[in-house]
Amino acid sequence: MKILVCISSVPDTTSKISFTDGDTQFNKTGIQYIIGPYDDYALARAVELKESLGGTVTVLNVGLADAEPQIRKALAIGADDAIRVDVEPTDSYFVAEQIARIAKAENYDLILMGRETTDYNSGVVHGIVGELLGVASFSPVMELSIEGNHAKMTREIEGGKEKLEASLPLVLGCQEPIAEWKIPNMRGIMTARTKPLKVVAPSGESLTSIDKYNLPPAKGAVKMIPAEDAGQLIRLLQTEAKVL
Amino acid sequence: MSVLVYIELAEGSIKKTSFEAIFYASKVAEMTGGSVTALAIGEASAAELGKAGNYGAAKVLHAGDSSLFQSNIIAYSKVLLEAVSKTGAKIIVTAKSSLADAVTARAAGALKAGVVGNVTELPDLSSGFKVKRSIFSGKAFALTQISSDIKVIAIKKNAISTVETSSEAAVESFSISLDASVFDAKVTETVKASGAVSLPEADLVVSGGRGMKGPEHWQPLLDLAEALGAATACSKPVSDLDWRPHHEHVGQTGVKVAPNLYIACGISGAIQHLAGVNSSKVIVVINKDPEAPFFKAADYGIVGDVFDVLPKLTAAVKAL
């Protein structure tokens with residue numbers, strides 16, 4: 001089993017978001033970066049599959065050098081080697097193009113990533129990669145097992161889920177509960193330092209670009225209603241907020 | 001410019017979010033001087049599909065072959081590509097959903113199209129083609145330029161206010177021959193979630209956290225949801241503890257909802273939870289802890305015991 005796991009490096013989900021340079025740049029000051037939470041699930045399942053079926057896990061990041069701590073963490077969790085495409089991941093098609101180019105040269109049985117990144121929330125990179133490689137893609141996948149050349153999956157659909165089966169190779173966008181997040185142990189952290197991390201140059205160009213950022217308007221003050229008068233809330237929702 | 005809107009069907013009906021997408025597409029067509037064609041894949045009556053006209057679609061292409069009744073990402077993306085080629089569309093609009101994302105992503109890959117999701121406003125055409133989209137799970141917005149020839153726009157639910165007319169769309173059967181390989185993946189079972197109202201589409205949501213104290217105490221929350229006709233939801237700890245099913249989990253790594261009303265019962269309001277609900281129009285928080293951070297994000301708050309407050313709310317709804 002030869003698995004490629006694509007990880008994003010994103011601000012910790014508790015980060016306070018702000019912008020600089022006249023709201024044209026994301027303010028990285030004081031931001032703690034993490035492996036994309038959904039990508040982390042994909043990585044955990046990949047490592048489990050390697051442990052049970054044998055094979056290799058390669059981790060791929062499209063990003064600048066500041067993503068390397070996250071790549072090393074993925075190696076510490078159990079990936080064997082890593083590739084970083086040295087460019088800011090600005091656009092879904094562009095990122096997918098980099099992944100597809102790397103993947104074309106190697107014949108991966110599985111290409112796993114999160115259902116979406118938690119910064120730009122587009123959720124389309126896996127589908128574009130699948131199309132560019134001419135390989136089936138599914139998302140969001142919440143269970144995955146492999147038997148020989150065959151994958152059994154559970155995919156979340158609106159208002160429920162479906163079980164499906166397909167032949168490898170596959171590109172999958174993953175989400176919980178596909179696996180439990182893994183925490184690297186000391187031995188993993190030590191060995192990760194010497195595992196190979198190859199840096200390659202990008203090709204192609206972004207099809208989208210951000211002109212300006214802005215924050216949502218501040219929320220007005222909360223209107224408190226005494227608990228003993230709770231029924232009053234329903235009247236306010238009807239006459240004042242007009243949502244009932 | 002010719003605009004194609006990919007719409008989704010649920011149980012033979014056009015989804016509400018798809019009407020929002022049709023309306024958005026019709027406004028974009030108006031701005032760029034073109035017409036809107038809708039593409040519907042799956043099972044629906046001509047009368048139902050004609051309703052696409054109420055929101056501005058001139059025509060509906062209906063790929064209604066029985067082989068397409070079961071949603072199929074690969075087959076649907078092939079149908080979408082055929083529709084793009086038939087209509088010469090330069091702009092593809094859809095309502096963001098996990099299926100629409102998966103289908104339009106593949107089409108974007110084939111067309112080398114820039115994709116922008118969670119779009120909240122009509123485009124700005126003053127210089128190029130820019131759309132405003134929600135990013136960081138609703139914590140910010142980004143005005144994004146799309147420079148590719150063909151553009152894919154996935155709109156955020158409940159962000160676009162629609163106007164309904166009595167126009168009907170002409171429905172045209174759309175059949176294409178699909179390679180057998182697109183049906184390689186087999187759906188072996190479909191499990192519909194219990195609960196009367198589908199959470200991702202719901203206008204009203206009642207949600208419970210650890211303050212509900214255990215799965216056996218959920219009845220007062222379910223009673224309020226039933227009285228309101230609301231969907232039920234829960235926080236991540238609750239689904240992790242298996243008190244409620246995973247598909248009810250809203251938050252950063254769960255379902256992102258954007259209802260008109262979100263009522264949070266016994267949820268403290270961790271930032272990861274807020275990421276899933278911050279697009280709600282009105283937020284009500286009920287919590288016995290007056291210091292719960294969720295109150296800062298709320299429009300209305302009640303400090304009190306949920307088991308005391310919920311029955312009072314249910315009674316007040318029933319008295320409306």
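Which domains does the domain assignment of chain B give? The assignment gives domain 1 (3-183) and domain 2 (204-318), the bounds being taken from an automatic or database domain assignment. Before you select anything, note that this is a predicted model, in which local features need pLDDT of at least 70 and side-chain atom pairs count only at pLDDT 80 or more, while totals for chains, interfaces and linings use all residues. Residues are numbered from 1 along each chain as its sequence is written, chains are lettered from A and ligands numbered from 1 in the order in which they are written, and side-chain values use heavy atoms, with hydrogens and water left out.

**Stop 1: the two domains of chain B**

Colour the two domains of chain B separately; their C-alpha centres lie 32 Å apart. Here 6 residues of domain 1 of chain B are in contact with 11 residues of domain 2 of chain B, where contact means heavy atoms within 4.5 Å. The two domains of chain B bury about 650 Å² between them, 37% of it on carbon and sulfur atoms; buried area is the accessible area (1.4 Å probe) that two parts lose on being put together, summed over both. On the side of domain 1 of chain B, select S137(B), K157(B) and N158(B), which lose the most area to domain 2 of chain B and together make up 70% of what that side buries.

Across this interface between the domains of chain B the rule finds 0 salt bridges, a salt bridge being a side-chain nitrogen of Lys or Arg within 4 Å of a carboxyl oxygen of Asp or Glu.

**Stop 2: where chain B meets chain A**

Now show both chains: the contact takes 87 residues from chain B and 79 residues from chain A, and the two chains bury about 6,800 Å² between them, 58% of it on carbon and sulfur atoms. Select R106(B), F136(B) and Y300(B), which supply 12% of the area that chain B buries against chain A, more than any other three residues.

Between chain B and chain A the rule finds 5 salt bridges and 32 residue pairs in polar contact (both at pLDDT 80 or more). Helix α4 (residues 98-111) of chain B gives the most to the side of chain B that touches chain A, with 8 residues; helices (H or I, at least four residues) and strands (E, at least two) are DSSP runs, numbered from the N terminus. For a salt bridge to inspect, select K236(B) and E176(A), whose closest N and O atoms are 3.6 Å apart.

**Stop 3: strands that pair between and within chains**

Strand β14 (residues 208-214) of chain A and strand β9 (residues 140-146) of chain B run antiparallel and are joined by 6 bridges; two strands pair if DSSP finds at least two bridges between them. Within this pairing, T208(A) has I146(B) as its bridge partner.

Next, trace the open sheet of 6 strands in the order β15(A)-β17(B)-β16(B)-β15(B)-β13(B)-β14(B), in which the pairing is parallel. Its edge strands are β15 (223-224) of chain A and β14 (231-234) of chain B, each of which pairs on one side only. Inside this sheet, strand β16 (residues 282-287) of chain B is joined to strand β17 (residues 300-303) of chain B by 4 bridges, and V284(B) has Y300(B) as its bridge partner.

**Stop 4: strand β9 of chain A and its surroundings**

Move to strand β9 (residues 136-147) of chain A, which runs parallel to strand β12 (residues 170-174) of chain A and is joined to it by 4 bridges. β9(A) also pairs with strand β10 (residues 150-157) of chain A, in the antiparallel sense over 6 bridges. β9(A) and β10(A) form a hairpin with 2 residues between them, and G148(A) in the turn has a positive phi of about 60 degrees.

P140(A) lies in strand β9 of chain A, and a cis peptide bond with omega about -10 degrees joins S139(A) to P140(A). The peptide bond from L168(A) to P169(A) is also cis, with omega near 0 degrees.

Notes
A polar contact is a pair of N or O atoms within 3.5 Å; within protein, one must be able to donate a hydrogen and the other to accept it, and residues adjacent in sequence count only if both atoms are side-chain atoms.
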